[in-house]
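Good morning, and thank you for coming. I would like to take you through one structure today, chain by chain, and then through the places where the chains meet. Please keep the view open while I speak.

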Amino acid sequence: MTDISHASDVFTAGADALAEARRHQRIQQRRARISAILRYAILFGVGLVMLYPLIWLVGASLKTNAEIFANPGFIPREPTTEGYVQGWETSTPYTFGRFFWNSFLIILPKTIGTAISCTMVAYGFARFDFPLKKLLFTSVIAILLLPNVVTRIPQYILFRELGWLDSFLPLWVPSAMAGDAFFVFMLVQFLRAIPDDMEQAARVDGCNSWQTLLFVVVPMLAPALISVCLFQFMWTMNDFLGPLIYISSVDKYPVSLALKLSIDTTEAFEWNRILAMSVLTITPALAVFFMAQKYFIEGISAGGIKG
Amino acid sequence: MARLQLRNLEKVYGGAFKAVHGINLDVEEGEFMVLVGPSGCAKSTTLRMIAGLEEITAGEIRIGDRIVNTLEPGKRGIAMVFQNYALYPHMKVRTNLAFGLRIGGASKAEAAKAVEEVAKILEIEPLLDRLPKQLSGGQAQRVALGRALIKKPDVFLFDEPLSNLDAKLRASMRVRITDLHKRLKREGMASTVVYVTHDQTEAMTMGDRICVMKDGHIMQVATPKELYEQPANLFVAGFIGSPEMNVIEGHVDGSDFRTGGQVIPLGEALTSRLSARPERAALGIRPQHLALATGINGALSAQLRGVEFMGHEVYLHALLDGREVTTVASAAEFERMDRSLDTIRLLPEAANMHIFDRDSGRNVSLRAQG
Amino acid sequence: MTRTRSLGLIYLSPYILGLMAFTAIPFLASFYLSFTDYNLMQPPKWTGLENYIELFTSDRTFRRSLSVTLLYVFLTVPLKLAFALFIAYILNYKLRCINLFRTAFYVPSILGGSIAIAVLWRYIFATEGLVNMVLAWFGIEPVNWFGDPTNALFTITLLRCWQFGSAMVIFLAALQSIDKSLYEAAAIDGASKLRSFVFITIPLITPVIFFNLIMQMVQAFQEFNGPYIITQGGPLKSTYLLPLYIYDEAFKRFDMGYASAIAWVLFLIIMALTLVAFWSSKKWVFYAGDKRS
């Protein structure tokens, strides 16, 4: 037969078989739909339970103290900014504005220092060969896994000797010297995945390694660097133990210590102030996160898989 | 082994896009059927429907006596070789081979025995304790073959298995697969095979019969020889054969074919076979059947445009009344040609000419069924 | 390469300096300090193994802290990872709002370590707090979260598990990177969904499970903010994790030597468990190398 083949036997599959097939298809589709609904239900339920504390937090910060005790709902019946106003004033001579400023004074040099130093170091690891390279890279991984509880005490003693106690220096200088192994590792992995063709072209054009780094490599690293800065921003805002150990004057408190202070000094029932300030302290991190979501999640998954 | 039958098989995506249009196909027991066609012709979709990896919108698939539309892939009596091998990367070759059997309830001993048998047939015994990442492309493909073979399926499905291999390896694997099929047939173990490829060379050299597909339709199902000599339509004529068949537009006038300024006599045999004389027609003739003329008699003249030297043959590209034609000449003939002229004379072999209806694409000059 | 061998080292110089000053030397120093008595007023006085002996023989606080820490880690880490994997599995589907959910689950983990959240936790688990209010709604008696030793640890555990988002994102990426045709091959081999999950999915994500396991374990052992703010280590030291003990000894009582000793014990425990994990990983972690084709 050379034509399109057609049934050589009278094919009476019959209406029965066809109906059977259609019924089966409907069952399959229903099963798929139920599975999807189940998944949505679980995700939605878990999501709700997980996010409710945060939702409640925002709502509670706008309630009166009496109302906070009254109901678990998150919509204030008599919304008020009393918590924010009074919380901002704090019971110290300073407003929360001062504490935010202090946090900023830590974050700025820390982030910039991290970006610069980690870029240099990653560039060194990814593009150069030098004695002890393997050893040094192993040390990066070792620090990554190292519980830093073990170095904290001598670091304190060191900073004490340097006279850096009660200043911001101990909080950002180590990071400005590529002390955060996580970022070094992340940038190295990122850089290794990029071919060095353009850098070779730059060399042919007469650039030395420093110029290549500045004009060719850094632009390519931009997405990863943004991730690094975002992560560092968030982690620093949340940093508590560091400031706790090194900062003793209230006028230098960053927001994390200030919040702790307000718990200690606020009357037991004046929760709305504390909750209001809590909302304020997490807002920058949240805002930054939502604006740059892409960089966060990609950064963390890439690092995780390759790790 | 069992026969495979597709009846009015349809696949519609999202309620709107019809990818497969009610196709019908019979694959005999033990036959090696190749599905071939350009990308987008739905050959892979069809294969996946047979496998059960794709939902069937309408129609029926029968393997042996059973209608398998509603059965899980594991229960259809099929085995599949994937384009990217799909070997379980964390299992040794041995375990990869035995996986399906063990799921099906075979004991360790039974599975081990089957593994040994298959390994011997495919000559992969030294690879049994390796991991997939330690295998070369050809080795991995043989293991994938083994995984399919070991289940003794009713129908073997191949989804472009050789596309990831380099040309040389592809050629040797082609031979290996067809040899295997023949050998198993001799030993009474042959399986019905449905083999999907986009490469017409693979199709022509491997298939007992070939099913040419385009845009979800079957264009023709026939043996390689028939497809080559008796293409049912323009698409098949152009798809099969390399270099591509020459297609010259014109119309039939009496027993001649008129194109532009030239006239090609069709000869009695061809004229009497014509089932229609379409106004818009095309003459199809393969480059191998368009000879360099020695005289002027009945010959066409064309402007020589380019020459491709293939070693023992030469492809000559020319313009016949503005239309491109290609002819194949032996190196010797080419030497004898007067290459100072840019006009060449071509003589089409009447016995190998085809007339196509340009609108429907149908071949109106097919020989009667013998 | 016309580059000098030392050019790379120049780029590494900040790191090398920092490594020496802030990591390597402190590391060795803390080891030394653990054998001394040092209160910052006078130079350190060598006391040999005295600190360690006291730690293991007569220090009941240490024993309590150690057991509480171990309980916390072995409770929290598996729970957190299991939940992260579970949610990642559910998310790994052609659902429409997958990004929305992913973000929603991830948000707690960015905020989680912060004081604000610790503060929040303190209030929602208070006797008059949100959790008890919700329980009351279901007709359950209010639970004394912070007064009861077991409950208190549970609230800290819950805080950490609440932050499963970062682990989940990594799991999700791993699940999504598994070649679909493997599942098809398994279906043709006759494997059910469950079997596919156990024999194909899980083995292929073992590297990620391993990575998450180590990271989570190391972090859990160093938990400080939560217990410090929420329960202050109580009640009855039921949430007095080792980092809190170290902090108290070092920065409240300024007993640097003793604190260093505790720090070293904690460090050695973490290292030991990490090594066990690494050693055992050969048995159960599968690394997919590049396919040679």
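Let me begin with a term: a residue is called buried if 20 or more other C-beta atoms lie within 10 Å of its own, exposed if 12 or fewer do, and partly exposed in between, with the C-beta atoms placed from the backbone. What you see is a predicted model, in which local features need pLDDT of at least 70 and side-chain atom pairs count only at pLDDT 80 or more, while totals for chains, interfaces and linings use all residues. Residues are numbered from 1 along each chain as its sequence is written, and chains are lettered from A and ligands numbered from 1 in the order in which they are written.

I start with chain C. Of the 293 residues in chain C, 46% are buried.

Which residues of α5(C) are buried? They are C:I115, C:A116, C:I117, C:A118, C:V119, C:L120, C:W121, C:R122, C:Y123 and C:I124. Because 10 of the 10 residues of this helix, residues 115-124 of chain C, are buried, α5 is largely enclosed by the rest of the structure.

Now to contacts, meaning pairs of residues whose C-beta atoms, placed from the backbone, lie within 7 Å. In chain C, 71% of the contacts between residues at least 6 apart in sequence join residues at least 24 apart. An example of a residue with its neighbours is C:F171: leaving aside residues up to four places away in sequence, C:F171 touches C:A84, C:L85, C:A88, C:I205 and C:V208.

Let us turn to chain A. Chain A has 14 helices and zero strands. Of its 307 residues, 39% count as buried. The domain assignment, which is automatic or from a database, gives domain 1 (16-80) and domain 2 (93-306) of chain A. The C-alpha centres of these two domains lie 36 Å apart. Their contact takes eight residues from domain 1 of chain A and eight residues from domain 2 of chain A. On the domain 1 side, α1(A) gives the most, with four residues.

How many residues does each chain bring to the contact of chain A with chain C? Chain A brings 67 residues and chain C brings 76 residues. Helix α1 of chain A, residues 14-61, gives the most to the chain A side, with 12 residues. That side divides into 46 nonpolar, 17 polar and four charged residues, where Ala, Val, Leu, Ile, Met, Phe, Trp, Tyr, Cys and Pro count as nonpolar, Asp, Glu, Lys and Arg as charged, and the others, Gly among them, as polar.

Finally, chain B. Its domains are domain 1 (4-232) and domain 2 (243-357), with C-alpha centres 40 Å apart. Two strands pair if DSSP finds at least two bridges between them. Strands β1 (residues 4-13) and β2 (residues 17-27) of chain B run antiparallel and are joined by seven bridges. In this pairing B:V12 stands opposite B:K18. The two strands form a hairpin with three residues between them, and B:G14 in the turn has a positive phi of about 55 degrees.

Further along, chain B has an open sheet of five strands in the order β15-β19-β16-β17-β18, with antiparallel pairing. Its edge strands are β15 (290-292) and β18 (323-330), each of which pairs on one side only. Within the sheet, β16 (residues 300-309) and β19 (residues 343-348) of chain B pair over four bridges, and B:Q303 has B:T343 as its bridge partner.

How values were computed
Contact = placed C-beta atoms within 7 Å.
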